[in-house]
Amino acid sequence: MDASLNAELSALLDAHRDRPGALLPVLHAVQDALGHIPPAAVPIIARALNLSRAEVHGVIGFYRHFRSRAPGRHVVQVCRAEACQAVGALELEAHARRALGCGFHATCADGSVTLEPVYCLGNCACGPSVRVDDEIVGRVDARRFDELLAELRDAP
Ligand code: FES
């Protein structure tokens, strides 16, 4: 067992384990800290919360937000909800797939960007909306997407 993973999980579990319904807060905290929920973390989380591994896997699998594999250096989420679709999100999504050479829940070949869907970013009046890591960007068309992508690929 990876000692650093164990130590990191212990701290996160200690911060959340006494909350009612601790599993979701723990999973969010692990993904926020590590970028994903490593498979090796599942038995540790299950034991700490007195759950079965199947229960933990079930929740991770149910919410597409959770990743079991490490993402690329950056995560780009394209809004697929109705208000953004009404102003061009489907075309933007198709462009993003072409530009990155991958679909949703996948990472482009150079490892710079993982593409994910999201269902409303609370930025409906300025769609099509995307989230680039922690920043929400509105009115994104193909040209703006390519600019964002170039910035990400130049960034560390
Ligand atoms: S529908 Fe896209 S931000 Fe709300």
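Buried here denotes a residue with under 20% relative accessible area, whereas over 50% counts as exposed and values in between as partly exposed. The legends below describe a predicted model.

**View 1. The buried salt bridge between R67 and E116**. In this predicted model, R67 and E116 form a salt bridge in which the closest N and O atoms are 2.6 Å apart. R67 belongs to the loop between helix 4 (53-62) and strand 1 (74-79), while E116 sits in strand 3 (residues 113-118), so this pair ties together parts of the protein that lie 49 residues apart in sequence. Each of the two partners, R67 and E116, is buried.

**View 2. The salt bridge between D110 and R153**. Here the side chains of D110 and R153 meet with an N to O distance of 3.2 Å. Because D110 lies in the loop between strand 2 (106-107) and strand 3, and R153 in helix 7 (residues 142-154), the pair ties together parts that are 43 residues apart in sequence. D110 is partly exposed, with a relative accessibility of 43%, and R153 is likewise partly exposed, at 33%.

**View 3. A salt-bridge network of R143, R144, E147 and E151**. The structure as a whole holds eight salt bridges.

**View 4. The salt bridge between D14 and R17**. The side chains of D14 and R17 come together in a salt bridge, for which the N to O distance is 2.9 Å. R17 has a relative accessible area of 33% and is therefore partly exposed.

**View 5. The aromatic cluster of F62, Y63 and F66**. Two aromatic pairs are found when the whole structure is searched. In one of them, F62 and Y63 are arranged edge-to-face, with 4.9 Å from centre to centre and 85° between the planes. F62 is exposed, having a relative accessible area of 62%, whereas Y63, at 36% relative accessibility, counts as partly exposed. Y63 also pairs edge-to-face with F66, with 6.1 Å from centre to centre and 85° between the planes. F66 has a relative accessible area of 7%, which means that this residue is buried.

**View 6. The division of the protein into two domains, domain 1 and domain 2**. Domain 1 covers residues 3-62 and domain 2 covers residues 74-154. The centres of domain 1 and domain 2, taken over C-alpha atoms, are separated by 28 Å.

Definitions and conventions. Residues numbered from 1 in each chain as written. Predicted model: local features only at pLDDT ≥ 70, side-chain atom pairs only at ≥ 80, totals over all residues. Heavy atoms only, no water. Domains from an automatic or database assignment. Salt bridge = Lys/Arg side-chain N within 4 Å of Asp/Glu carboxyl O. Buried < 20%, exposed > 50% of the residue type's maximum accessible area, 1.4 Å probe, protein only. Helix = DSSP H or I, 4+ residues; strand = E, 2+ residues; numbered from the N terminus. Phe/Tyr/Trp six-rings, centres within 6.5 Å; stacked < 30°, edge-to-face > 60°.
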